[in-house]
Amino acid sequence: MRGAANAGDLGPETNRLLFAAGLACAGYAAITLTMAVTLAFRRPEAGASMAWRGIAIRAFGGWIAAIGLMMVGFAYAS
């Protein structure tokens, strides 16, 4: 939502298609790298002694989702 608000202030000389393509590529790269780090952290060959890693990933994902929902609420409130 913040990015969309910033995109509204683009000048007429800015190529909007190029801007959207760059934004999509940056988002794709960020998600891909985050997934790679998550898979490397989880390592299924670690066995049952490292079962806490799956729980930690789920808890971290829950915090990210909660922060995202709060940011959407704050954006609509102001």
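Modeller: Helices here are DSSP runs of H or I with at least four residues, numbered from the N terminus, and lining residues are those with an atom within 4 Å of a pocket point. Please keep in mind that this is a predicted model.

Colleague: Which helix supplies the largest share of the lining of the largest pocket?

Modeller: The largest pocket, with a volume of about 190 Å³, is lined by residues that include T34, F41, A56 and I64. Both α2 (16-42) and α3 (52-77) supply at least two residues of that lining. The largest share, five residues, comes from α3.

Colleague: How many charged residues does the lining of the largest pocket have?

Modeller: Sorted by class, that lining has six nonpolar residues and three polar ones. The count of charged residues in the lining is therefore none, because only Asp, Glu, Lys and Arg count as charged.

Colleague: What kind of aromatic pair do F41 and W52 form?

Modeller: The count comes to one aromatic pair. In that pair, F41 and W52 lie 5.8 Å apart centre to centre, with 80 degrees between the planes. The pair links helix α2, which holds F41, to helix α3, which holds W52, the two being eleven residues apart. Since planes over 60 degrees apart fall in that class, the pair is edge-to-face.

Colleague: Is F41 buried, partly exposed or exposed?

Modeller: R53 lies over the face of F41, at 5.2 Å from the ring centre. The relative accessible area of F41 is 32%, and because buried means under 20% and exposed over 50%, F41 is partly exposed.

Methods. Residues numbered from 1 in each chain as written. Predicted model: local features only at pLDDT ≥ 70, side-chain atom pairs only at ≥ 80, totals over all residues. Heavy atoms only, no water. 1 Å grid on protein atoms, 1.4 Å probe; cavity = no way out; pocket = protein on both sides within 12 Å on 5 of 7 lines; lining within 4 Å. Points joined across faces, edges and corners; volume = space filled by probe spheres on them. Phe/Tyr/Trp six-rings, centres within 6.5 Å; stacked < 30°, edge-to-face > 60°. Buried < 20%, exposed > 50% of the residue type's maximum accessible area, 1.4 Å probe, protein only. Lys NZ or Arg CZ within 6 Å of the ring centre and 35° of its normal.
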